[in-house]
Amino acid sequence: MARQDPSSALPLGASAFHILLAIADGERNGAAIAVDVEDETQGGIRLMPGALYRYLKQMLADGWIAETASSDDARCKYYRLTAWGRSIAQAEARRLESVVRRARERRLLGAGA
Amino acid sequence: MPLLLRFALALCPTEFRREYGEQIAADVRQRRLSLIAASWDVLIQGMLLRCDAFGGYITYAVRSLGRSPLYAVVVVVTIATAIAANVAVVSTLEGVLFKPLPYPNAQRIVAVANGSYDGYFSYLNGRDTATMTSSFEQFGLRADDGTMLTLPSGSVNLHASLVDLGYLRVLGLTPELGRNFDAQDLRSRSAIISDRVWRRYFGASTAVVGRRVLFDGHPYTIVGVAPAPFHDIEYRSRNTDVWFCVRLGAPYVTNRGWSSYRAWALLKPGIPVATAQADVTRALETLRARYPSHFVQWKPPSLRNAHDEVVGSVASMLYSIYGAVLVLLIIACANVTNMALARVAARERELTLRTALGATRLDLVVQLGTEGALLFAVGATAGFACGAIALQLFSPYVSAILPRWDAVHVDIVTVLYVALTLLAALIVATLIPVAASRTELAAALKGTGNSSSAGRAVTFRSLLVSVEIALALTVVLAAALIVRSFVTLTHAPLGFSAEHVYVVEGPTLLPSRYKNPESAQQVDHALQNAMGSIPGVHTTSCAATAPFVPPWTTSFNLVAQERQRVVAVNLVCDGYFALLHVPLLAGRSFGPQDSLRAPAVVLVNRAFAMQYGGSVTNVLGRRIVPGIAHGDGQPPPRTVVGVVGDMRDDLATPPVPTVYAPQSQFAFSAIDAYVIGTSGADAGLADAVMRAYHNVDPFFAPPAVTPLSSNIDASAAGARLAASLFLAFSAIALILALAGIYSVTAYSVTQRTREFGIRKAVGATSAAVLGIVVQRALRQAAIGIALGLVLSAFAVRFLAAVLYQTSPFDVVAISSAVAILLACTLLAAALPAYAAMRIEPAQTLHYE
């Protein structure tokens, strides 16, 4: 897998980005990720377990996230960002930032909004 | 775990289920999610995961098949062969039998057959029928004609049709230039030319309409040009170059006995054929009461849908061929199943290992299914391509035999249909047996290849082989019957010798150059002399109708008997019968004494003599009145002076009673064909004949010169094609059955190696072991043959329509088919049986 340039994975799907955001400040288990995403988006993104774990499985396989050793229960897994996953999330955040800046320049968003 | 969720998870890939199943169930509880929504989501995600994984399956399948190239190639070739045959035949069937004829309102066109004269109408009877009936929107008449077009550059013979005003309206002709015939054309000489003639002889000039050109030396006005795809409805007239409108006052119009028109009509919308038939019958019965002498040997007239009329003669044969390729497809699928099962058994260890590594049964089935699907996809694609190519290769050969070949193409409908058939055949041959038994697959998948389940599996596979044998027997038997019918057909005594005999088309005489009847007779003599002096030609003669062409029929009566009958009639020249080696059975042949003023005589054939005299000699000296016009006045009575052998004019029909009159006793010439006998070196003959024609009259068009034998071959072409196709199909069916028997026998020998070793150790001879193996193979064959005979009893009913003088229950054909299959069984079992014989008891102990 080419890991040189994180922007090769961009743009991320909304669900994928929110999953990465949910574990950006610390490890979480699957249910906690889903709840966090739902809260952060005010219910806009509701991750069903099937979809959630398919994302997590794929992200694990691609090395964006890792299971942590700290989980006390073997069946309840916790996930954290890897360095590579963090750089992808950062790249996506930067991309969105530039999108927002352009929206401001074109007066789609107020300066203070 | 809730049932719904468990079900959804069961359909997910094993790996995912093991990893996340519990977690998902826990999350659903913890997050208080809707069970239905969550389960649906799991179901969809499972499918997506499977799709992701499928790429992996395909990679694995390709690698796995790459390790058994023989298996892969055999399966692909088997499927491709069966599919190619099906595509070619289904395309043909669709084009010939199912596409409507290329005319507007084709569904409403019917062929109307008169009750007399083999269904032919005279112009007056046809016109009267049209006016006395009310079922038709249009009623048309068409007669075959030949013509010679004379251009400044020379003359050329063309195919022509003589039609009334209705005919081209029945077919819905819209000329690409000019107009259709109308009433004014009945009083002038008018022609419509084909697109081909327009381009070839008139340079596709739009100024052709209204132009006057010479046909048969008469000035005709071209009123229209038919568009390129338009052709006459009768298939043998599909190459018509010119349509002539009938001319009121011509003998072919005024003579009520001149029955040479076929009638085609356009039903009014909503009128059923039966109603129209009753209508026509009523009209013709009225006419018959009025003109009894023009309705001899009357039987009820018949109406037939034009499509059936055109393709009816080949429908049974096409359906039989389709039946054969369908059976072939089923055999092919059965064989592939058989091979696949053998392969599963052989891969037992690999599959067991994968189960141990965590693959579930579903994974293995998906894996095996992917391999199968891959092979089928490759085989089917190759088959579709080969089928399309085969159609192209066969095209020049088949187009002369099959009507409507121009409508035959491989199209999406064909491809879909064949793909569906393949799927159905696959279900018949694979899924049902597998589901029913589940032994071998199940045993292998569970990784418990114990001997009892393997034994049952072999039993199942040998049943599959028996089915293959049964199906192969039906195809082989059909082939045997068709070949036998073909041999009977081509060995029917012709009654004449066609060896080194050529038929030369007679010339068209320009009326401006041949004003009186005598000059026509002089042309006959001059041409015969010119052709007789060609090196290598030893005899020439001539006739009104060439040999092996159906002759004209006319009515006749025996003098002193009022009753009129129909008889075939031909006018022939001196030496005609000697040239063709037709034996004189009684009396004398024609000679110089039979001149114009001598007593009128005829020869009759054997069929005539037997029918009207009861013996060959009884008819000699009897006087008959054949309806051959003799200049003006009534035809004279003629004395039968000799009886000649029967000559066939068609392979499939027995000779009909025929009367031969000497051309020398007629003032006009009716000669339409010359026959020339050569000594064998025939190179350059056609050119020499052309020069002879040119020397006699430079205005003659170059005539067609054909070997008589090729006309005979051509009439057997359909039967020959069917016989070759069925032979090819039965060869394929046999090879497939052979492969099936071999693979099952070989597998069972491998399975029983230990048993045979022990048997030998305790004193069984090699012969005894051989016996066991062969007996087993023969038992399969016996079951298959018994089943096959029952199947055939149904199948051959459909064949009966295409067989010539051959019973569908022909003992020779049945016994040879059975013998061939038994021989094949022994052949296929021989190698494994030999292997079984050579088993060493000591080795088998090492083996396990």
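This is a predicted model: local features need pLDDT of at least 70, side-chain atom pairs count only at pLDDT 80 or more; totals for chains, interfaces and linings use all residues.
Two strands count as paired when DSSP finds at least two bridges between them.

**Figure 1. Chain A in outline.** Let's start with chain A on its own. Its 113 residues include 42% that are buried.

**Figure 2. The open sheet of chain A.** Here are the strands of chain A, which form an open sheet of 3 strands in the order S1-S3-S2, with antiparallel pairing. Strand S1 (28–29) and strand S2 (65–67) stand at the edges, and each has a single partner strand, so one side of each is left without a neighbour in the sheet. As a general point, strands of a sheet pair through backbone hydrogen bonds, either parallel or antiparallel. Look at S2(A) and strand S3 (residues 78–81) of chain A: they run antiparallel and are joined by 3 bridges. To find one of the bridge partners, pick out Ala66(A) and go across to Arg80(A) in S3(A).

Figure 3. Now zoom in on Asp36(A), which sits in helix H2 of chain A. Is Asp36(A) buried or exposed? Its relative accessible area is 18%, and the cut-off for buried is under 20%, so Asp36(A) counts as buried. What does Asp36(A) touch, once you set aside its neighbours within four places in sequence? Its contacts are then Ala22(A) and Arg28(A).

**Figure 4. Where chain A meets chain B.** This view turns to the interface, where 21 residues of chain A are in contact with 20 residues of chain B. The size of an interface is often given as the accessible area lost when the parts come together. For chain A and chain B the buried area is about 1,800 Å², with carbon and sulfur atoms giving 56% of that. Polar links show up too: 8 residue pairs are in polar contact between the two chains, counting pairs with both residues at pLDDT 80 or more. The salt bridges between chain A and chain B number 3. One to look for is the salt bridge in which the side chains of Lys57(A) and Glu15(B) meet, at 3.4 Å from N to O. On the side of chain A that touches chain B, helix H2 (30–40) and helix H3 (49–62) each supply at least two residues. The largest share of that side comes from H3(A), with 8 residues. Sorted by class, the side of chain A that touches chain B has 12 nonpolar, 2 polar and 7 charged residues.

**Figure 5. Strand S20 of chain B and its partners.** Next up is strand S20 (residues 658–662) of chain B, where 5 of its 5 residues are buried. Thr658(B), Tyr660(B) and Pro662(B) point one way from S20(B), while Val659(B) and Ala661(B) point the other way, and all are buried. Strand S15 (residues 565–572) of chain B pairs with S20(B) in the parallel sense over 5 bridges. Strand S17 (residues 601–605) of chain B also joins S20(B), this time running antiparallel with 2 bridges. Tyr660(B) is a handy landmark here: Asn570(B) stands opposite Tyr660(B), and Leu603(B) has Tyr660(B) as its bridge partner in S20(B).

**Figure 6. Strand S13 of chain B alongside S21.** Strand S13 (residues 537–543) of chain B is mostly covered, with 5 of its 7 residues buried. S13(B) pairs with strand S21 (residues 673–678) of chain B in the antiparallel sense, over 6 bridges.

**Figure 7. Two loop residues of chain B with positive phi.** Gln297(B) is not a glycine, yet its phi is positive, at about 50°. Gln297(B) lies in the loop between helix H9 (273–290) and strand S11 (302–305) of chain B, and at 45% relative accessibility it counts as partly exposed. His581(B), also a residue other than glycine, has a positive phi near 55°. You'll find His581(B) in the loop between helix H17 (576–579) and strand S16 (584–587) of chain B. With a relative accessible area of 59%, His581(B) is exposed.

Key. Residues are numbered from 1 along each chain as its sequence is written. Chains are lettered from A and ligands numbered from 1 in the order in which they are written. Side-chain values use heavy atoms; hydrogens and water are left out. Contact means heavy atoms within 4.5 Å. Buried area is the accessible area (1.4 Å probe) that two parts lose on being put together, summed over both. A salt bridge is a side-chain nitrogen of Lys or Arg within 4 Å of a carboxyl oxygen of Asp or Glu. A polar contact is a pair of N or O atoms within 3.5 Å; within protein, one must be able to donate a hydrogen and the other to accept it, and residues adjacent in sequence count only if both atoms are side-chain atoms. Helices (H or I, at least four residues) and strands (E, at least two) are DSSP runs, numbered from the N terminus. Ala, Val, Leu, Ile, Met, Phe, Trp, Tyr, Cys and Pro count as nonpolar, Asp, Glu, Lys and Arg as charged, and the others, Gly among them, as polar. Buried means under 20% relative accessible area, exposed over 50%, partly exposed in between (1.4 Å probe, protein chains only).
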